[in-house]
Amino acid sequence: MVSQPIEKKPVGTSGLPFIGSMVDFARNPIQFITGLQADYGDVAAFSLLGNKSVLVSNPHDVERVLLETGKRYDNGKQTGSHTMETILGNGLVTSEGDFWKRQRKLIAPSFHHQSIKKYAEQIVTYSQDLAATWQNGAVRDVHQDMMTLTQRIIMKVLFDVDVRDNTGEASEAFDAMMKAMGAEQTSIEAILPNFIPTRSRSRMQAGVTYINGMLMEIIEKRRTETSTRHDLLTMLMETRDDEGQPMSTNQLLDEIRTLYLAGHETTATTLSWAWMLISQNPDVYAKLEAEVDRVLEGRAPTADDVGQLTYCNAVIKESLRYYPVAWITRRVPLEDVEIGGYHIDKGTFVFLSPWVLHHDPRWFDQPERFMPERWLKDKAEQPMREAYIPFGGGPRVCIGNGFAMMESVLILAALVQQFHVAVLPEQRLDIELAGTLRPKFGLNAKLTGRGG
Ligand code: HEM
């Protein structure tokens, strides 16, 4: 029997002429996509600036799209995104096809379980350095502290460089780039042609120039060194293609800038949300402190403790469910495809949102409750695997996910051991969607030493 081609088109909203739903999307993206799913179901059509778009929200369909990326779908990061191109160049997040495959194969071993274990000690030492600057009774912006800490860690891991007291300018440059990314998704800039120089675009360009300068300095210095180091930068500098050629300096810059950018704010923000969520749930916090004290018995955490700190792991997993910092992604079909029984044209923007999946009561019991316990149940009773995608999935799954989990658990344990961090309830806690989902005004917390 010959199967009939699927003709059914997804229903949804067409929005305004030309700009489509851009205004609603820009005003409150999370409300817009959540409403879209609620109103039109798991394959909901909309339009953004003339681009046909669908939001896919059934976990099985989402999994299929993720798995078929590279075959029937482009990763789609560069499609129509000048900002992404400027910030990330042709690095691992943005590249496509055989080129991406080769680079991924090259970089992946550095993030394998055995390779990352060696960074545990450094992560803990740097966390303890941070704790040494904290004072009993003080109020700190812990989001800023998490940013500085994870930045120091990623610089050490990637480049074997310690930027202890020198993260200020890099942070500013980073912030400008993230804001530009957010502006492109959620403001009037989305409809302005690329050649129009807005304030955020010039700040972004200045940010890229600053970060490139910083990384170039590291590369140049490395080229003059006689001893060999065993970090990711050395490996990328020593690699040769089939013709025996090294990676061009521009490509090297794109790859390391991508890893530097993708590899610290995501973890920092996840930790910030974790501090907030445990502060709002004292019973969870008490269990966390009890586990840390029981497992560590007053000594510093090590890589081998990560697996023993099961509640700590569950707190991070649940924080990533509640606030998935990479709240939305998209793919672009290379041919006409079928999703959830609907015909989707080639070139449509196919949006997948961890936020929508993670807050859907069909897949998560009481999704608005912060319950690390849901991850401690027997496997069969845990939430549906396909509905939980904080690190994406398929061939383009986050290359740093194992590292990010280990890093988050170790930082949390090392700091929980020494201080009680109570995020102040009376502050303004807006979410900023600047590339990632992060606390807009920082996160002030009162610190109380635990007398260790
Ligand atoms: C909690 C922390 C993190 C979260 C939530 C996160 C999330 C994600 C997600 C959702 C994707 C896939 C995006 C998509 O499918 O469109 C991704 C990709 C990626 N992430 Fe992460 N990430 C984190 C930490 C890291 C770290 C620590 C690194 C590196 C040091 C990293 C490097 C990358 C890279 C290079 C990609 C692109 C992979 C590819 O396309 O081959 N991430 N991340």
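Does Glu 373 count as buried or exposed, judged by its C-beta neighbours inside 10 Å? Glu 373 counts as exposed because it has 12 such neighbours, where exposed means 12 or fewer other C-beta atoms (placed from the backbone) within 10 Å, buried means 20 or more, and partly exposed lies in between. This is a predicted model, in which local features need pLDDT of at least 70 and side-chain atom pairs count only at pLDDT 80 or more, while totals for chains, interfaces and linings use all residues. Residues are numbered from 1 along each chain as its sequence is written.

**Glu 373 and helix α17**
- Glu 373 lies in the loop between α16 (354-358) and α17, helices being DSSP runs of H or I with at least four residues and strands runs of E with at least two, numbered from the N terminus.
- The C-alpha atoms of Glu 373 and Glu 318 are separated by 8.7 Å, although these residues are 55 apart along the chain.
- Helix α17 (residues 401-418) is largely enclosed by the rest of the structure, because 15 of its 18 residues are buried.

**Ligand shell**
- The ligand is surrounded by 22 residues, of which the closest are Gly 263, Thr 266, Gly 392, Cys 398 and Gly 400, a residue being counted when its C-beta atom, placed from the backbone, lies within 6 Å.
- Two or more residues of this shell come from each of α12 (249-262), α13 (265-280) and α17.

**Three-stranded sheet**
- An open sheet has the order β4-β12-β9 with antiparallel pairing, where two strands pair if DSSP finds at least two bridges between them.
- The edge strands, β4 (139-141) and β9 (419-423), each pair on one side only.
- Strands β9 and β12 (residues 444-449) are joined by five bridges in the antiparallel sense, and Val 421 has Leu 447 in β12 as its bridge partner.
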